[in-house]
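This briefing looks at one helix and at several charged side-chain pairs. Please keep the sequence and the structure at hand while reading.

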Amino acid sequence: MSIMTYNGSAIIAMVGKDCVAIASDLRLGAQQQTLACDFQKTFKIHDHLFVGLSGLATDMQTLHQRFKFRHNLYNLREEREMRPTTFANMVSAMLYEKRFGPYYCEPIIAGLEPDGTPFVTGMDLIGAMAPAEDFVVAGNNTESLFGTCESFFRPNMEPEELFETISQCLLAGVGRDCLAGWGAIVHVITKDNIITRTLKGRMD
């Protein structure tokens with residue numbers, strides 16, 4: 001088994017009309033054994049920026065702490081929040097620094113630029129960015145996640161429709177993945193607020 005699928009994960013970020021959503025499953029496992037059903041894989045950097053991490057759970061927690069640290073340093077020096085594109089480049093550089101002994105994580109970054117433009121990008125474990133204008137996925141069963149997203153995605157969705165779409169994509173996508181699922185959490189980021197909802201999933 002690949003080290004990237006040892007703990008199991010499924011993450012989707014999707015673009016809407018002046019909004020963006022990021023969703024992840026909640027299972028933490030050790031191969032086939034489930035250890036927890038409330039494991040956090042999406043992290044808030046600031047009110048308009050979230051990062052989702054798929055891969056090895058210990059590296060997820062390490063990277064989240066390092067991302068938060070770098071963002072706080074930037075905030076102190078610049079006296080403003082990091083734009084999503086700036087944050088993505090910082091994450092890419094940080095991962096590439098460790099390319100010979102990488103962190104076993106594939107980040108997904110979702111946020112709103114200061115002018116309200118949605119931004120989503122995926123990355124591999126050495127920081128090669130893959131920005132998208134519709135959706136990005138990461139996890140151990142990306143084929144199923146891509147299939148459901150391509151079926152359900154429509155451009156210019158309002159926040160409520162975006163929430164419904166990304167929720168159905170994630171729940172359907174993890175239905176054929178025994179290493180992810182067991183509940184999910186969805187964050188919808190708009191200019192004015194963040195809507196966070198927890199979903200019930202199959203527990204088998």
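This is a predicted model: local features need pLDDT of at least 70, side-chain atom pairs count only at pLDDT 80 or more; totals for chains, interfaces and linings use all residues.

On the face of helix α3 turned away from its buried side sit the exposed residues Glu143, Glu150 and Ser151.

**Helix α3**

- Helix α3 spans residues 142-152, and its buried residues are Leu145, Thr148 and Cys149.
- Viewed down the axis of α3, these buried residues fall within an arc of 100°, so they line one face of the helix.
- An α-helix has 3.6 residues a turn, so residues three or four places apart point the same way.
- The partners against which the buried residues of α3 pack are β1 (10-15), β10 (135-139) and α4 (159-173).

**Salt bridge between Glu158 and Lys17**

- The structure holds 7 salt bridges, and one of them joins the side chains of Glu158 and Lys17, with an N to O distance of 4.0 Å.
- Because Glu158 lies in the loop between α3 and α4 while Lys17 lies in the loop between β1 and β2 (19-25), the pair ties together parts that are 141 residues apart in sequence.
- Glu158 is partly exposed, with a relative accessible area of 43%, and Lys17 is likewise partly exposed, with a relative accessible area of 40%.

**Salt bridge between Glu113 and Arg83**

- Glu113 and Arg83 form a salt bridge in which the closest N and O atoms are 3.0 Å apart.
- Glu113 is placed in the loop between β7 (105-112) and β8 (118-123), and Arg83 in the loop between α1 (57-78) and α2 (84-97), so this pair ties together parts that are 30 residues apart in sequence.
- Glu113 has a relative accessibility of 11% and therefore counts as buried, whereas Arg83, at 37% relative accessibility, counts as partly exposed.

**Salt bridge between Arg197 and Glu160**

- A salt bridge also forms between Arg197 and Glu160, and the closest N and O atoms of this pair are 3.0 Å apart.
- Arg197 belongs to strand β12 (residues 194-199) and Glu160 to helix α4, and the pair links distant parts of the chain that are 37 residues apart.
- Arg197 counts as partly exposed at 30% relative accessibility, and Glu160 is also partly exposed, with a relative accessible area of 47%.

Terms used:
Residues are numbered from 1 along each chain as its sequence is written. Side-chain values use heavy atoms; hydrogens and water are left out. Buried means under 20% relative accessible area, exposed over 50%, partly exposed in between (1.4 Å probe, protein chains only). Helices (H or I, at least four residues) and strands (E, at least two) are DSSP runs, numbered from the N terminus. The arc is that of the directions from the helix axis to the C-beta atoms. Contact means heavy atoms within 4.5 Å.
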